[in-house]
Amino acid sequence: AQQAATLEAQSKGLAALRERARACRACPLWEPATGTVFGEGPDDARIVVVGEQPGDQEDLLGRPFVGPAGQLFDRALGELGLDRRAWYVTNAVKHFKFEQRGKQRLHQRAAPDEQRACLPWLQGELAAIRAERIVCLGVTAAEAVLGRRVALLAERGQWHAAQDGTPALVTVHPAWVLRQRDGAAREAAFRGFVDDLALLAGQPV
Ligand code: URA
């Protein structure tokens, strides 16, 4: 399936892939979710950003990184004079996984087999776009892109080789920055996130 998605992406492009992903039933996550949240951005983007999976707002709006984590990501990029509108932004897993608690829907991490089931879509996107740089937000994204186990704290803030050799920057997930207990910890985490992303400055964007 993986190879089929890659071949299709190269021949027919992202639009066909997106259309097919709308009806994906490769794992059970499609059923409680509102819909597939596919990647978004130009198909000739020079940078691809990969997150973990859509959150509550992304699920409702059908677009990646439009909720609080996306806003924090924008603020970090803004400090560096960068703007993700010219980039392609996607996730390792394309459906929101949650636990219903009263009116709230609480994020749950996708299981390894759910992550694996979704991988052909990401690989298809990467094959169609062939970006110059990839940015991995968090360990789930990093492992999907690099195709191996990743020790996030040891490997963050560095370029690594994606499976096709494209340089991929690994950093923390913006939601992790938001989850820090108090203001000082959150500020320190934010500064570290900005420092990692600074490796993108000076890249051809
Ligand atoms: N977190 C992610 O990993 N991706 C999104 O699209 C939103 C929040």
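Select Phe96 and Phe98 to begin: both residues are buried, a term that denotes under 20% relative accessible area, with exposed over 50% and partly exposed in between (1.4 Å probe, protein chains only). The model is a predicted one, in which local features need pLDDT of at least 70, side-chain atom pairs count only at pLDDT 80 or more, and totals for chains, interfaces and linings use all residues. Residues are numbered from 1 along each chain as its sequence is written, and side-chain values use heavy atoms, with hydrogens and water left out.

Then select Lys94, which lies over the face of Phe38 at 5.7 Å from the ring centre.

How many aromatic pairs are there? Rings of Phe, Tyr and Trp (its six-membered ring) pair if their centres lie within 6.5 Å; planes under 30 degrees apart count as stacked, over 60 as edge-to-face and the rest as tilted. By this rule there are 3 aromatic pairs. Select Phe73 and Phe193: their ring centres are 6.2 Å apart and their planes meet at 40°, so this pair is tilted. Phe73 belongs to helix α4 (residues 68-79) and Phe193 to helix α9 (residues 183-197), so the pair ties together parts 120 residues apart in sequence. Helices here are DSSP runs (H or I, at least four residues), numbered from the N terminus. Phe73 counts as buried at 0% relative accessibility, and Phe193 counts as buried at 0%.

Return to Phe96 and Phe98, which form a stacked aromatic pair, 4.9 Å centre to centre with 25° between the planes.

Methods: Helix = DSSP H or I, 4+ residues; strand = E, 2+ residues; numbered from the N terminus. Lys NZ or Arg CZ within 6 Å of the ring centre and 35° of its normal.
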